[in-house]
Amino acid sequence: MLVLGVETSCDETGVALYDGAAGRLLAQALHSQVEMHEAYGGIVPELASRDHVRRIVPLARLVLAQAGKTPGDLTAVAYTQGPGLAGALLVGAAFGHGLAAALGVPAIGIHHLEGHLVSPLLGAARPEFPFVALLASGGHTQLMRVAGVGDYQLLGETHDDAAGEAFDKTATLLGLGYPGGPALAALAERGRPGLHRLPRPMIASGDLDFSFSGLKTAVATLARGAARDEQPRADIARAFEDAVVDVLVAKSALAMERTGCTQLVVAGGVGANRRLRAALDARGGASGFDVLYPPPELCTDNGAMIALAATLRLQAGLGGDAERGFTVRPRWDLAAAG
Ligand code: KG4
Ligand code: ZN
């Protein structure tokens, strides 16, 4: 079983080839649009779509060539069906359906977050069902109980901004460029801990939900008083990062306690955050759960997670979107995607 996966939901064109029988990734390629959007301080959807159009075919050719395969070897073509930017999603959907129709193989529409959810299976330490997943990306912050492929129970989610969105907005407040998360984390490395005390929103709410929009208001107030100098900005960055990490760790630990699961899987771009990883590992050690991450390069958007999700669905006897048809879902609940 050989599945080509394409990801075009946002600002990365990702293509990968997964061998289901061997259980391994054969090849993958990624083009990031970060430089293109940088000048605008954020993602320009129309430019994103056009760039996906330019990149997707050459990347698919490259991946097939790297693996020594031809289109005729493919069992299925998978693409991100949602959620994401509608125009960007349409590029992947059109490519996926076009290629699949030409080859006479199924086109499989995959939920972007399902891709992130299964991405730790691409690493050396593979989680076993059931596990809890913390999905923290630019668009989502959710805790899910994953009983199996396609069997997802939402435990809690953000009421407003996603964790990555909070990183990005706070980075803008501190005068850092796009994408803000990695830049803010780098600045926070030079910040002094404990200099500012920011709120830990909803940390004691007793449920598994989050709220991050208030934090940026708190940062805005601090940032107004901070000079352009690096040290005060770094101190604020550190305070912000510590607040987000504390909340994510506390809620994840509560989810582990409530579900009785012993493995926590962390996925999505924020999962690349070094301090979050260290804090989760420490809490897991103290509370008796293991924390698993995708390989660092597969934390952010990529085609490999889409190819893998489609492979697992096919192996589990779950179809793709033959009945859903050619459509994209810019807004789409993962719990409803099973
Ligand atoms: O999963 P992803 O690549 O795309 C979405 O599906 O959103 O996540 C991107 C998000 C962005 O908000 C980015 O700022 C954040 O992940 N991010 C980070 C780090 N690396 C990426 N946030 C905090 N620390 C990082 N090291
Ligand atoms: Zn993502």
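Q: At what angle do helix H5 and helix H8 pack, and how far apart are their axes?
A: In this predicted model, helix H5 (residues 163–173) and helix H8 (residues 230–259) pack at about 175°, with axes 11 Å apart; helices here are DSSP runs of H or I with at least four residues, numbered from the N terminus, and axes are lines fitted to C-alpha atoms over the stretch in contact, with angles running from 0 to 180 degrees between N-to-C directions.

Q: Why is H5 called roughly antiparallel to H8?
A: Angles over 145 degrees count as roughly antiparallel, and the angle of about 175° therefore makes H5 roughly antiparallel to H8.

Q: Which residues of H5 meet H8?
A: Ala163, Ala166, Phe167 and Thr170 in H5 meet Phe240, Glu241, Val244 and Leu248 in H8, where contact means heavy atoms within 4.5 Å.

Q: What makes the approach of Asp168 to ligand 1 a polar contact?
A: A polar contact is a pair of N or O atoms within 3.5 Å, and a polar side-chain atom of Asp168 lies 2.6 Å from an oxygen atom of ligand 1.

Q: Which helix gives the most to the shell around ligand 1?
A: H5 does, with 3 residues, while H4 (112–118), H5 and H6 (180–188) each supply at least two.

Residues are numbered from 1 along each chain as its sequence is written, and chains are lettered from A and ligands numbered from 1 in the order in which they are written. Local features need pLDDT of at least 70, side-chain atom pairs count only at pLDDT 80 or more, and totals for chains, interfaces and linings use all residues, while side-chain values use heavy atoms, leaving out hydrogens and water.

Notes
Parallel < 35°, antiparallel > 145°, perpendicular 65-115°, else oblique. Polar contact = N/O pair within 3.5 Å; in protein donor to acceptor, adjacent residues only side chain to side chain.
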